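Reader: I'm new to this one and would like a close look at a single part. Could you pick a helix and walk me through it, then show me how it sits in the rest?

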Amino acid sequence: MGKVSIGLRGWRFDEADVFDSDGSIKPLAEMPPEPRQRVSRLTAIIGNACDACMLLEDDERHCNVALAVYGEPMSEVLLCEEHEPDFLYWFREEGGDEYAGNAAMKDRFLEWIADGGRAPDEYAGIEHVDSEPDALPNAAVTGEIPSLEDELEEMDEGEREALDVDLSDLDI
Ligand SMILES: [Zn+2]
């Protein structure tokens with residue numbers, strides 16, 4: 001059992017935490033709390049625009065859809081192909097790792113971008129954090145986790161609270 005990403009690269013999960021032995025996504029209640037928080041957060045943020053694009057573009061239609069997610073759920077940073085190298089450069093070379101696990105990470109990174117911070121050209125194309133494409137179980141390859149969205153819809157509020165799932169911007 002290895003580490004996998006679901007939908008967006010960046011966040012990594014122990015396969016055993018999030019998938020059944022047949023490769024389908026586990027019910028949320030059967031996941032340990034930390035991956036459960038991230039997986040339920042993913043259902044809300046997959047398909048959203050890149051945060052750096054949103055900062056730099058006046059028109060949301062010019063923003064790229066995010067392909068990667070870093071940071072903590074609810075204060076995560078969403079990044080497109082173009083801006084992921086900027087984040088990795090900031091994190092590794094500009095002291096961003098100081099904010100690992102810190103809710104302030106997103107704001108500090110976006111301040112750096114707003115101040116004109118960018119990765120040097122040669123940094124683009126550097127290996128991604130997950131340099132090997134993951135052999136994603138079938139449930140994950142579509143970039144969506146529909147079974148979870150259905151599951152969340154069917155839960156009542158008390159059940160969701162019991163799971164500590166924050167759905168503040170999930171469109172259900
Ligand atoms: Zn972007």
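Author: Let's start with H4, where Glu-84, Pro-85, Asp-86, Phe-87, Leu-88, Trp-90 and Phe-91 are buried. Buried here means that 20 or more other C-beta atoms lie within 10 Å of the residue's own; with 12 or fewer it is exposed, in between partly exposed, and the C-beta atoms are placed from the backbone. Helices (H or I, at least four residues) and strands (E, at least two) are DSSP runs, numbered from the N terminus.

Before going on, a word on what you're looking at. This is a predicted model: local features need pLDDT of at least 70, side-chain atom pairs count only at pLDDT 80 or more, and totals for chains, interfaces and linings use all residues. Residues are numbered from 1 along each chain as its sequence is written.

What do the buried residues of H4 pack against? Their partners are helix H3 (51–56), strand S3 (68–70), strand S4 (77–79) and helix H5 (105–114). A contact means two C-beta atoms, placed from the backbone, within 7 Å. Just after H4 comes Gly-95, with a positive phi of about 85°.

H2 has 13 residues (33–45), which at 1.5 Å a residue should span 18 Å, and its end C-alpha atoms are 19 Å apart, which agrees. That expected span is 1.5 Å times one less than the number of residues. H2 is followed by another glycine with a positive phi, Gly-47, near 95°.

Now the wider setting. The protein chain has seven helices and four strands, running β-β-α-α-α-β-β-α-α-α-α from the N terminus on. Strand S1 (residues 3–6) and strand S2 (residues 8–14) run antiparallel, joined by three bridges; strands pair if DSSP finds at least two bridges between them. They form a hairpin with one residue between them, and Gly-7 in the turn has a positive phi of about 75°. Ile-6 stands opposite Leu-8 in S2.

Across the 172 residues of the protein chain, 30% count as buried. Of the contacts between residues at least 6 apart in sequence, 57% join residues at least 24 apart.
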